[in-house]
Structures are given as structure tokens and as C-alpha cells.
Amino acid sequence: MQPEHIRASDADRDKVAERLREALAEGRLTPVEHEERIDTLYKAKTMGELKPITEDLPASGEGFAPRPNLEEPSGMEILSNEARGLAEKSKGSENLVAVFGGCERKGRWLVEPRTNVSVLCGGVELDLREAVLGQQEVTIQLAVILGGVDITLPHGVRVVNNTSAILGGADLHGTDQVVDPNVPVVRLTGTCMLGGVSVKAKGPRRKKGRKEK
């Protein structure tokens with residue numbers, strides 16, 4: 001089989017997405033061009049379809065601007081030994097499943113570069129306000145049937161919705177329209193059938209007895 005006909009993996013797509021993010025930060029792509037290429041990326045099924053997406057960009061490491069690192073806090077990432085320790089434990093992906101039940105992540109936790117969320121007649125709650133991102137752009141892959149996913153983000157985070165809906169959908173409440181290429185990005189992909197995902201931006205968590213903004 002020719003290499004271009006080999007089916008692309010999630011890891012292959014993640015590499016291309018990271019290169020596109022770098023190109024956006026370097027000014028090689030405009031925000032509109034970046035969005036167009038990301039849409040093409042997540043529709044690609046083979047390696048041959050992935051190749052044209054970055055063929056006009058230099059290879060990684062050739063004249064790129066320095067990548068953000070854990071010494072430079074941004075968005076959800078808070079500079080601390082604890083944050084660095086969490087990021088160093090990254091495994092690349094995490095699977096969250098709620099079948100006729102619930103699942104939640106809140107407080108201080110590591111958001112892997114890819115989080116797969118599967119819901120069947122249940123619900124998942126993800127609070128990212130105190131979370132540490134595994135990388136500047138993370139993807140939350142959704143498979144929601146007869147259920148829901150609630151995502152809470154801090155202000156100043158860019159949300160990109162690439163989900164497909166069948167009698168369901170995604171509802172973004174008060175999320176910031178951020179175009180700065182240097183801010184954290186949460187990308188939503190996958191399918192919602194007879195269910196959906198709700199995303200809202202809130203201020204920091206308050207101590208007990210005090211209301212959130």
C-alpha cells in the first residue's frame with residue numbers, strides 16, 4: 001500500500017494541529033487560514049490528505065519562534081512546582097466515560113492534549129479553571145448520546161467548536177471571542193446525538209461561603 005493511502009491516526013492529526021498552531025503564532029497563517037486548515041485536518045482520513053495541509057510551511061525547528069513552556073504561565077496554567085510536576089506526568093490522552101451515571105474533573109488536574117469523553121444516558125462535568133494544560137492547545141473529543149457534558153473555563157481562553165450534532169449540539173455561554181494566537185485553546189470535536197455540550201466562562205473558584213461571579 002502506498003504511504004499516502006495509509007489511514008491517519010489521532011496522533012498524526014495532533015502533530016499537524018501542533019504545527020498549524022506554531023505557524024499561527026509565527027504569523028505564517030492568519031486566524032482565518034488557521035481555522036480553514038484545522039477544519040480540513042479533522043476531515044482528513046489518510047496520510048495523503050494530511051500532507052497538503054502543511055506542505056507550504058517549513059519543517060518544525062526551522063526558524064520557528066520559541067514555543068511556550070512551563071516557565072511562562074498562560075490562561076489556566078499557574079506557575080508552580082505542582083503545575084510543572086503535573087505536566088511532566090502527561091500521557092498524551094485520557095478517557096472519561098459516563099454510562100448511566102456521572103463523571104467529573106475539577107480543582108487541580110492535568111488536561112491531557114487529548115481528552116476522550118464518552119457519555120451514554122449520563123453526564124460529565126469538567127471544570128478547567130484550576131487545571132493545568134498538557135499543551136497550549138488541547139482537544140476534547142466528544143461522543144455524547146442521550147446525555148450532556150458541562151465545561152467551565154476561565155476567562156481568556158479560546159474555544160473552537162468542531163462538533164457535529166444530531167438532535168443535539170453545543171451551547172457556548174459567555175465564552176470570550178479571543179483571537180490572540182498565544183492564549184490557551186480548547187478545541188471540541190466529535191458528535192452529540194440527542195444530547196449536547198454546554199461551555200461557559202467563569203471567574204476563579206471562590207472559597208466556601210462566597211458566591212462565584
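View 1. In strand β7, Ile-140 is the bridge partner of Thr-115. The model is a predicted one, in which local features need pLDDT of at least 70, side-chain atom pairs count only at pLDDT 80 or more, and totals for chains, interfaces and linings use all residues. Residues are numbered from 1 along each chain as its sequence is written, and side-chain values use heavy atoms, with hydrogens and water left out. β4 and β7 pair in the parallel sense over 7 bridges; two strands pair if DSSP finds at least two bridges between them. Helices (H or I, at least four residues) and strands (E, at least two) are DSSP runs, numbered from the N terminus. β1 is also joined to β4 by 7 bridges, and these two strands run parallel. Val-99 stands opposite Leu-120 of β4. Because 5 of the 7 residues of β4 are buried, this strand is largely enclosed by the rest of the structure. Buried means under 20% relative accessible area, exposed over 50%, and partly exposed in between (1.4 Å probe, protein chains only).

**View 2. The largest nonpolar core has 26 residues.** A nonpolar core is a set of buried Ala, Val, Leu, Ile, Met, Phe, Trp, Tyr and Cys residues joined through side-chain atoms within 4.5 Å. Val-117, Leu-126, Leu-128, Val-149 and Ile-151 have the most contacts inside the largest core. The elements that give two or more residues to this core are β1 (93–99), β4 (114–120), β5 (123–127), β7 (137–145), β8 (148–154), β11 (185–193) and β12 (196–202). β7 gives the most, with 4 residues. A second, separate core of 12 residues includes Ala-8, Leu-41, Ala-44 and Leu-50.

View 3. Leaving aside neighbours within four places in sequence, Ile-151 is in contact (heavy atoms within 4.5 Å) with Leu-126, Leu-128, Ile-140, Leu-188, Val-197, Ser-198, Val-199 and Lys-200. Thr-152 lies in strand β8 and is buried, with a relative accessible area of 7%. With neighbours within four places in sequence again left aside, the contacts of Thr-152 are Leu-126, Asp-127, Leu-128, Arg-129, Lys-200 and Lys-202.

**View 4. Glu-130 in a loop.** Glu-130 is found between β5 and β6 (132–133). The relative accessible area of Glu-130 is 29%, so this residue is partly exposed. Glu-130 and Leu-153 are 23 residues apart in sequence, and their C-alpha atoms are 8.9 Å apart in space.

**View 5. Thr-189 in strand β11.** Thr-189 is buried, with a relative accessible area of 4%. Leaving aside neighbours within four places in sequence, Thr-189 is in contact with Tyr-42, Thr-139, Ile-140, Gln-141, Leu-142, Asn-162 and Thr-163. Thr-189 and Thr-139 are 50 residues apart in sequence and 7.2 Å apart in space, C-alpha to C-alpha.

**View 6. The largest cavity holds about 60 Å³ of space.** On a 1 Å grid over the protein atoms alone, a cavity is a set of points where a 1.4 Å probe fits but cannot get out, and lining residues have an atom within 4 Å of a point. Grid points are joined across faces, edges and corners, and a volume is the space filled by probe spheres set on the points. The structure holds 2 cavities of 30 Å³ or more. Asp-14, Ala-17, Glu-18, Tyr-42, Pro-113, Gln-135, Glu-137 and Thr-139 line the largest cavity. α1 (10–26) and β7 each supply at least two residues of this lining, and α1 gives the most, with 3 residues.

Definitions and conventions:
1 Å grid on protein atoms, 1.4 Å probe; cavity = no way out; pocket = protein on both sides within 12 Å on 5 of 7 lines; lining within 4 Å.
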